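Subject: Structure handover and notes

Hello,

Here is the structure for your files. My notes on it follow below.

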Amino acid sequence: NRQFKTMEMNIILPFNLLFPPKGSVIPRGNVLFTVESTDPECYWLTNWVETILVQIWYPITVATNSREQKKILAKYLLETSGNLEGLEYKLHDFGYRGVSSQETAGIGASAHLVNFKGTDTVAGIGVIKKYYGTKDPVPGFSVPAAEHSTITAWGKDHEKDAFEHIIKQFPSVPVSIVSDSYDIYNACEKIWGEDLRALIEMRSADAPLVVRPDSGNPLDTVLKVLEILGKKFAPKENSKGFKVLPPYIRVIQGDGVDINTLQEIVEGMKQHRWSIENITFGSGGALLQKLTRDLLNCSFKCSYVVTNGLGVRTGDVLSDPVADPNKRSKKGRLSLHRTQSGDFVTLEEGKGDLEEYGVDLLHTVFRNGKIVKTYTFDEVRDNAKLKESELEELLH
């Protein structure tokens, strides 16, 4: 046993992993990481780790999809309000119960939190605290929120009593209350707009009531809810000429939200002169589960081989399926660079002018069994943040 333990302590994995800075926004078609064997006797290790490493398609895809939705929200928020206030809380993670495992929840939720700060998937916070760390005590936040059983347990005739009880329990923080247990439109017009109106008007901008519809066509429901609330709680016109409900009442749409319906809803709100200030979105299965590796075509390919034990390069290798040119892989020892205009470019060894493109952005993060480069979550978020150039492009 003593001999076995000694041997176990000296075991290393002889390969290197090279990655760009974590959180980098890199266009499709570029190298995202490379794996190199460091021991000729263990050349097969690069293929052994393929299955494990290719699984990073999942957080890459979640983070990319989440960031693209952030761009949509930023565009419409700027167009309908003139600022980006509250953007980091505009897309809330509702995906915990919609994923396949606890591990999926932690990985997916942490990927979404690269772009936003609102989450109900607590597992993601645990992953970030364990593996990254943040300057803030926690990287994600939520609010008190009712769900259907906390309303229906009171009985249909006591829906108003359930609403009143909950808003009184949380007078000084935002509180989200699902309002479609029976009739969302009656709840907005009669209960919120009349019976409990005085209680709602006493709330502050820091502690609004957030009305949550949870059924029906997302766009139609949002527009009708805003219309009813707008008749009961007179909206004001902001500097961009869009309607904004009083600061003590807002809406969250958390049903049927994906990147396509999100676009439809915010465009519909814009057409009906409603500012995006009025609404927050929640997304569950579409955010963390309704994704595949094929969505962004993530793949892991052999691109360079050394043979004969002499360290002599014998040629580049690549796959180039005749039936699908999109699956043509890259060849050679790959490096990632930025052009003078800021675009990413992948170079194959011996191709292009390296001085023109500057240093290789791929750097070693794992060498022969040891992690040699780490990031805080704040660094990841900073690398992934929306750039001024992107915002300008969105508006033109």
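This is a predicted model: local features need pLDDT of at least 70, side-chain atom pairs count only at pLDDT 80 or more; totals for chains, interfaces and linings use all residues.

Helix pair. Helix α4 (residues 57-81) packs against helix α5 (residues 102-112) with 8 Å between their axes and an angle of about 40 degrees. Because angles under 35 degrees count as roughly parallel and 65 to 115 as roughly perpendicular, α4 is oblique to α5. The crossing of α4 past α5 is right-handed. On the α4 side the contact is made by Y58, P59, V62, A63 and S66, and on the α5 side by T104, I107, G108, A111 and H112. By type, the residues of this contact are 6 nonpolar and 4 polar, with no charged ones.

Residue F377. This residue belongs to helix α15 (residues 377-384). With a relative accessible area of 2%, F377 is buried. Beyond its neighbours within four places in sequence, F377 is in contact with S110, L113, V114, I128, Y132, G133, T134 and P139. The C-alpha atoms of F377 and K129 are 8.7 Å apart, while 248 residues separate the two in sequence.

Strand β12 (residues 334-338) pairs with β13 in the antiparallel sense, over 5 bridges. Strand β13 (residues 344-348) is mostly covered, with 4 of its 5 residues buried.

Regards

Technical notes
Residues are numbered from 1 along each chain as its sequence is written. Side-chain values use heavy atoms; hydrogens and water are left out. Axes are lines fitted to C-alpha atoms, for helices over the stretch in contact, and angles run from 0 to 180 degrees between N-to-C directions. Helices (H or I, at least four residues) and strands (E, at least two) are DSSP runs, numbered from the N terminus. Angles under 35 degrees count as roughly parallel, over 145 as roughly antiparallel, 65 to 115 as roughly perpendicular and the rest as oblique. A crossing is left-handed if the near helix is turned anticlockwise from the far one by less than a right angle, and right-handed if clockwise. Contact means heavy atoms within 4.5 Å. Ala, Val, Leu, Ile, Met, Phe, Trp, Tyr, Cys and Pro count as nonpolar, Asp, Glu, Lys and Arg as charged, and the others, Gly among them, as polar. Buried means under 20% relative accessible area, exposed over 50%, partly exposed in between (1.4 Å probe, protein chains only). Two strands pair if DSSP finds at least two bridges between them.
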